[in-house]
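Good morning, and thank you for coming.

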Amino acid sequence: MKVFVFEFVTGGGYAGQALPGFLGDGELMWRALVDDLIALPGMEVLTLRDARLAIPEQPGLTVVATDATRCRSDFMRCLDAADAAWMVAPESGGLLESLNRQVEAAGKWLLGCRPDAVHIAASKYATTARLAGAGVTTVPTFATPDLLTGAVVAKPDDGVGCEDTLLFADAAAAQAWHDTHPHAMHVFQPYVAGESLSLSLLCCDGRTQLLSVNRQHVGLTGDHFEFHGVTVNALGDGDGRYAALAARVAAAIPGLWGYVGVDLIAGAFGPMVLEVNPRATVSYAGLRAALDCNPAQHVLELPEMHACRGLRPITLETTHV
């Protein structure tokens, strides 16, 4: 089988522009996906690579160096040559949804979430509405801050990570910011004290297997939140609360397929979902080392669900350029 791995940041998504500060995150995910797939017998990996980045050579890997003049045509040529495709890209602006639709339109096996599920997960407002309607405990999410009390968090509705995520002392301060940024497509949530966690899931048609519970390392510089990395498989799930939460999320958005990340806050009243990431996340890069399994193998074996046995925590610190 030949799999086309496209990671947007490293694969030419910024061709013709300066490479972003979160390039290191993209490298982590790209390297992990490539290594996991190549480790499987009979597997070939085809990938795009921004020509400004180092071009690795290893058996089973074909790298196409691309630039701003060729990126689109190189993408289509790689997709045409592959049997399956694994897309990793921001949900912002409908990008990941569009890429996944292109894979389906080309008649290739999409190793990722269905476009309709990506469409829901791309919007924090739509995601929390869908999950809350299915009985999942979420952090309340609003289009304006006027209904909130106490400290308020503002973030882009379709943003990724901690991108442009702000903390305000109260709703009045958040409203003042909102009034001076009328074109900002932000949503507003109450600040919930607790531990920043994420779940790594293997999803298929409304079912899910919890792979790991991860600790997110999130800091605050001034009024901006920043993501500093993750410890994969940091917590156990002895009472099954996280597995039960994962099952409810997957049932609420049945188009989630393959690897999925769920961000949440574990506060005084239990875990509350913040958002769903319908793609590989930085946590994916630590799974093979932290668990007694190759996660890419289990994605390829879906819809069967194979148990992975947790072994040890792995910490990934984000690298910025």
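**Cores and cavities**

The largest nonpolar core has 48 residues, and those with the most contacts inside it are Phe4, Met87, Leu199 and Leu256. A nonpolar core here is a set of buried Ala, Val, Leu, Ile, Met, Phe, Trp, Tyr and Cys residues joined through side-chain atoms within 4.5 Å, where buried means under 20% relative accessible area with a 1.4 Å probe, protein chains only. Helix 7, residues 241-252, gives the largest share of this core, six residues; helices are DSSP runs of H or I, at least four residues, numbered from the N terminus. A second, separate core of 40 residues includes Met29, Trp30, Val34 and Trp257.

This is a predicted model: local features need pLDDT of at least 70, side-chain atom pairs count only at pLDDT 80 or more, and totals for chains, interfaces and linings use all residues. Residues are numbered from 1 along each chain as its sequence is written, and side-chain values use heavy atoms, with hydrogens and water left out.

I turn now to the cavities. A cavity is a set of points, on a 1 Å grid over the protein atoms alone, where a 1.4 Å probe fits but cannot get out; lining residues have an atom within 4 Å of a point. The structure holds two cavities of 30 Å³ or more, a volume being the space filled by probe spheres set on the points. The largest contains about 60 Å³ of space, and Met87 is one of its lining residues, which also include Trp86, Asn100 and Arg279.

Conventions
Buried means under 20% relative accessible area, exposed over 50%, partly exposed in between (1.4 Å probe, protein chains only). Helices (H or I, at least four residues) and strands (E, at least two) are DSSP runs, numbered from the N terminus. On a 1 Å grid over the protein atoms alone, a cavity is a set of points where a 1.4 Å probe fits but cannot get out, and a pocket is an open set with protein on both sides within 12 Å along at least five of seven lines; lining residues have an atom within 4 Å of a point.
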